[in-house]
Amino acid sequence: MSKWALLLSAGVCALAAPAAAQDLRGSAANTPPTAENESPNSADIVVTATRRSERLSNVPIAVSAFGQAALQNSGATDIRQMTQIAPSLLVSSTGSEANASARVRGIGTVGDNPGLESSVAVFIDGIYRSRTGSGLNDMGEIERIEVLRGPQGTLSGRNSSAGAISIYTKVPEFKFGGFAEATYGNFNAVRLSGALTGPLVKDVVAFRLDGVYSKRDGYLHDVVNNTDYNDRNRYFVRGQLLFTVNPDLGIRLIADYTHRNEKCCGAVYMDTREKLDPTPGKPGDFSINPAGNRITAILRSLGGVLPSEGNPYNRQIALTPGRAYANLTTDYGVSARVRWNLGSTQLTSLTAYREYKSAGAGDIDYGNVDIAYRPNDGNAYRQFHTFSHESRFSGTILDNKLDWLVGGYYAHEKLRVADNLRFGTQYGAFAACRMVATINAAAALRDPTRPGCLSTAGRAVLTPAVGPQIIGGIDRLSTLNDLGSTLDLYDQTSENWAFFTHNIYKLTKTLSFTLGGRYTHESKSLKASFANNNTVCPAQQAAMAPLLASTNATLQSLAGGIVTLTCTGNSTSALTGAPFADKFKEGQVTGTAVLSWKPAESTLFYASYARGYKAGGYNLDRSDLSATVFATPRPSAVTNLRFDPETVNAFEIGAKYSARHITANLALYRSEFTNFQLNTFNGTSYIVQNIGGCSTPLNGADRDNSSATGACTGSVGKGVVTQGVELELGFYPTSNFTVNLGYTLADAKYQHDLVGSKAGEPLNAALFLLAGSQMSNAPRNTVTSAVTWTPPLGSNGMTALFYVDGRMTSDYNTGSDLFVEKLQDGFVTMNARIGIRGPDEKWAVELWAQNLLDTNYQQVAFNLPFQGAGSRSQVQAFGAPSFAAGNAMFGSFLAEPRTYGLTVRTRF
């Protein structure tokens with residue numbers, strides 16, 4: 001039987017045949033609701049992390065669960081805000097709110113390159129979402145969120161290498177009811193949400209409708225165009241039907257739609273200083289150029305305004321008129337969840353189809369000098385079409401000693417990335433001025449209004465110094481204006497199917513052994529086509545070819561710089577119409593084994609091993625077609641876009657304790673990643689490499705300034721290891737007072753002797769800081785806390801609410817290349833909420849604040865596109881002559897400032 005027939009037959013028969021409708025995410029069909037499933041502690045909520053309904057304290061894996069009350073008190077309406085109370089989770093976004101990155105225990109997929117799948121999978125009502133950005137949407141009323149830490153794959157359809165975030169929304173009810181909520185806050189924030197549920201046919205069909213509308217001014221102000229950026233303008237609707245065909249069959253149908261039309265995301269100047277090597281030949285030192293950065297001088301000569309220079313948290317930006325961001329995002333889909341009890345066996349079937357499209361027009365140089373942009377002509381977007389089906393059979397046998405689960409999964413995804421990245425109308429002058437300043441920093445030699453940015457004195461001085469060919473190349477470079485891609489298309493088709501099993505055997509009444517396995521097959525194909533009108537590039541390549549082959553190192557270097565600025569990212573008309581196509585298949589066996597011991601009803605100990613996997617793929621960026629842009633890539637170079645699958649071996653021991661007034665969870669973990677997929681933006685393009693460790697010493701070749709040295713002649717093994725401790729404590733001295741504490745120690749480090757692929761290719765020179773260092777966006781220490789007090793107000797059933805939470809984070813670097821300019825100092829954030837609630841919380845009025853202390857911190861710092869080269873890190877490590885000066889400018893996507901407001905809510 002074919003995999004289509006095998007996987008879909010279960011879904012078809014489930015839809016055609018008469019699951020426990022009262023629990024569409026429950027335990028195996030024949031698990032009785034005995035007292036062992038109850039807990040003396042109301043905070044010990046029921047979770048389905050193992051695809052069985054179990055108390056959190058009984059689950060022998062590292063999982064954090066947050067119910068509706070915890071999420072509501074903290075103000076979390078999406079997964080990024082949830083990080084405030086989940087110490088092992090970090091979520092950030094960069095160039096678009098649609099492009100988020102989630103990290104668990106310091107591990108995640110870096111950047112917003114759509115060719116990379118997330119190391120931390122996101123599921124909403126059991127349905128896998130193709131990229132993490134889906135979790136940044138408003139999702140209506142949420143029942144709970146579970147954060148599973150470590151590799152996943154033997155319990156559900158989609159596999160992941162670092163963890164999973166499972167979001168469960170409220171189900172329809174057969175009792176009429178609903179809620180309405182209105183919020184107003186600073187930045188003119190308005191959020192309206194509500195839901196309505198009830199029976200359509202008594203005890204047979206129930207419905208639920210959820211809706212959210214959210215609008216807010218931006219917290220970045222554009223001083224040139226007098227407008228705000230990073231605003232909110234979105235709405236969300238979801239409709240559900242719940243059918244209880246009979247006591248053994250339940251069907252849940254869901255349709256949802258999200259619309260976001262926002263101007264996002266602007267970035268501020270974080271570091272614009274030029275660093276110098278004061279003592280050539282002596283590594284480790286640097287100085288700041290007292291004359292300022294030559295790149296900022298060039299920008300100002302072209303009319304540039306740098307309103308946040310030296311003060312990034314004034315939140316002022318300046319963008320080129322007519323280059324506004326256009327981030328229209330639509331995300332919608334339908335799903336069917338069927339649960340059918342077949343005697344002692346339960347069938348669970350999930351079928352879904354989703355479409356997602358996010359536009360990406362905007363000013364990608366983040367300044368008002370028109371260097372580069374994506375026009376708002378409909379040719380800049382990423383779009384997913386995803387069909388998925390999952391079937392699981394589960395039950396118990398051998399006198400309930402063996403709790404078994406087997407399942408199958410199939411997904412078919414079409415991804416289209418359209419790009420129209422163009423050089424701006426001032427790029428030629430800017431790039432030419434940059435070349436002139438590289439040769440001689442004297443401002444008197446530059447004139448951006450003249451060919452080649454050469455003043456009369458500049459042409460007279462530099463022509464005899466570097467020769468007419470170099471000057472001709474700079475003149476040619478200055479003509480590169482408003483050229484580039486008109487429509488680049490990357491069409492990737494992915495087909496994934498898998499079989500998995502997860503089985504728990506009770507060796508004794510207190511000792512259990514879990515064994516799970518999975519086989520995953522992945523196939524991907526890519527077709528890429530390019531339409532580009534940059535005719536300056538091939539002319540420049542031809543003119544500079546003799547100098548690129550010159551034995552004169554200075555002329556060779558200057559020619560290389562001219563060609564790189566002219567053809568950066570392989571932007572060339574010579575690629576137009578050339579066919580690029582490739583495909584590959586891969587398979588992987590993964591699994592898990594867990595030994596758990598429950599010596600008392602309140603206590604659980606466990607030890608586990610898991611092997612995880614994340615598929616390989618394609619870097620959907622033409623810049624990776626070749627190592628340099630000195631010649632036009634041939635169609636056969638398409639294989640250079642490939643990257644390898646990522647695998648992990650994870651080990652964990654843990655303990656859980658739950659009593660009436662206290663809960664405690666402790667986990668010690670170690671995860672070893674081989675071929676870790678790393679995505680780095682170097683200021684002009686995305687670099688994707690698989691980070692592994694070579695078994696033979698590289699003698700520092702992975703830490704030098706060359707991308708050609710450091711190939712591995714031995715075997716390639718683990719390149720990243722994250723290990724540490726997680727502690728979660730809950731104190732419940734009374735029914736209306738709770739204290740929750742969390743701590744994560746994440747020692748997430750790169751190994752030594754690093755290479756860039758499983759074949760042992762050298763590490764890219766931009767990544768020279770990685771070996772032995774803590775990973776980016778991986779704070780070593782994180783502490784969270786939350787205190788809730790709901791005292792009664794008199795004897796009429798009214799209560800008050802006093803809530804405060806905090807998150808303390810140690811220093812970490814926000815850039816995947818670990819440049820020192822991207823370092824984020826440790827910080828503390830707090831949220832608070834006070835309110836009055838009516839009897840049974842039928843109504844509530846609440847004052848709230850997020851980021852109460854107005855803490856300034858950044859999400860991600862990055863090299864501003866095209867605006868200089870060289871970090872302080874490179875100046876200190878290598879110095880002259882390669883890095884006598886480091887004038888790269890760095891921008892940053894800031895986190896939100898303090899927000900506050902008033903919320904009123906009613907339930908009926």
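Which backbone oxygen lies 2.9 Å from a polar atom of the side chain of Gln240? Please also describe the setting of Gln240.

Analyst: In this predicted model, the atom in question is the backbone oxygen of Lys170, which lies 2.9 Å from a polar atom of the Gln240 side chain. Gln240 itself is found in strand β16, which covers residues 232-246, and it counts as buried because its relative accessibility is 3%, where buried means under 20%. Neighbours within four places in sequence aside, the residues in contact with Gln240 include Thr169, Lys170, Val171 and Pro172, and also among its contacts are Ala206, Phe207, Arg208 and Asp210, as well as Arg252, Leu253 and Ile254.

Turning to the nonpolar cores, the largest one has 61 residues, and Ile371, Tyr427, Phe430, Ile470 and Phe866 are those with the most contacts inside it. Helix α4, residues 427-439, gives the most to this core, contributing nine residues. Another core lies apart from it, with 44 residues that include Ala102, Val104, Phe676 and Leu767. Phe866, with residues up to four places away in sequence not counted, touches Tyr427, Phe430 and Arg434, among others, and its partners also include Ile364, Ile371, Thr568 and Gly683.

A further element is an open sheet of three strands, ordered β20-β19-β48 with antiparallel pairing, in which β20 (287-288) and β48 (885-886) are the edge strands, each pairing on one side only. Strand β19, residues 275-276, is joined to β48 by two bridges, and Lys275 has Gly886 of β48 as its bridge partner.

How values were computed:
Residues numbered from 1 in each chain as written. Predicted model: local features only at pLDDT ≥ 70, side-chain atom pairs only at ≥ 80, totals over all residues. Heavy atoms only, no water. Core = buried A, V, L, I, M, F, W, Y, C linked by side-chain atoms within 4.5 Å. Buried < 20%, exposed > 50% of the residue type's maximum accessible area, 1.4 Å probe, protein only. Helix = DSSP H or I, 4+ residues; strand = E, 2+ residues; numbered from the N terminus. Contact = heavy atoms within 4.5 Å. Polar contact = N/O pair within 3.5 Å; in protein donor to acceptor, adjacent residues only side chain to side chain. Pairing = 2+ DSSP bridges.
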